[in-house]
Amino acid sequence: MAFLIKSMIGNPLSGMGLGGGGDKEEESTPTDPAKAAGMTREEYEEYQKQLVEEKMERDADFLHKKAERATLRVCLREKYRLPKSEQDENMIEMAGDDVDVPEELLKMVDEDATEEEGKDSLMGQIQNLQNMDMDQLKEKASATVTELKSKAEEKCSVM
C-alpha cells in the first residue's frame, strides 16, 4: 500500500521540479573527451599521439639508464670476483648491445682502482710504515726473531 502512495505522490512532485533536476545535468556533460578538454577531435587525437610518443621515449630512456647501471654492476662483479647476476644480464640483453657505462661512473671506478693500486704498491707500503708506531714495529720484529730462534733450536740439535 505504501508503494502505491509513493508512486502516485512521487511522480507528480518530480514533474514539478522539486526533486528531479538531476536529469538535465547529465545531458549537459559531453560524452566526447575532446569536447570535455575543449579541443576539436583532430587536436585531441594529435595530443594523444604526442602523449604516447613522449611516454615511449621516457620508457626507452629509463630502460637505457637501467641497462647502464646493470653494466656497471657487472663490471664491478668481475673486478671483485663476485657471482654473476642473471637479472643484470637480462637487463643488458633487453636494452641491446649499445649500452655503455656513463662517464661519471667510470671516473668513480677508475679513482677507486688507482687508490687500491697505490695501497698495493711498494710506495704505498712504505707510506703505511711511516704511519706505524716505531716501538710497535720493533716489538713485532723482535717477537718474530725470538720465535724463529726457538723453532730453529727445536729442529736443529747443533744450535
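In this predicted model, Asp88 and Arg73 pair up in a salt bridge, with their closest N and O atoms 2.8 Å apart. The two residues come from distant parts of the chain: Asp88 sits in helix α5 (residues 86–95) and Arg73 in helix α4, 15 residues apart.

Arg77 is partly exposed, with a relative accessible area of 24%. Taken together, Arg73, Arg77 and Asp88 make up a network of salt bridges.

Helix α4 itself covers residues 41–79, which is 39 residues. From first C-alpha to last it reaches 57 Å, close to the 57 Å expected at 1.5 Å a residue. Buried residues in α4 include Ala67, Glu68, Ala70, Thr71 and Leu72. Just after the helix, Arg81 takes a positive phi of about 55°.

A further salt bridge joins the side chains of Asp59 and Lys55, at 3.1 Å from N to O. Here both partners lie in α4, 4 residues apart, or about one turn of the helix. An α-helix has 3.6 residues a turn, so residues three or four places apart point the same way. Asp59 is partly exposed at 41% relative accessibility, and Lys55 is partly exposed too, at 45%. The count of salt bridges comes to 4.

Methods: Residues are numbered from 1 along each chain as its sequence is written. This is a predicted model: local features need pLDDT of at least 70, side-chain atom pairs count only at pLDDT 80 or more; totals for chains, interfaces and linings use all residues. Side-chain values use heavy atoms; hydrogens and water are left out. The expected span of a helix is 1.5 Å times one less than its number of residues. Buried means under 20% relative accessible area, exposed over 50%, partly exposed in between (1.4 Å probe, protein chains only).
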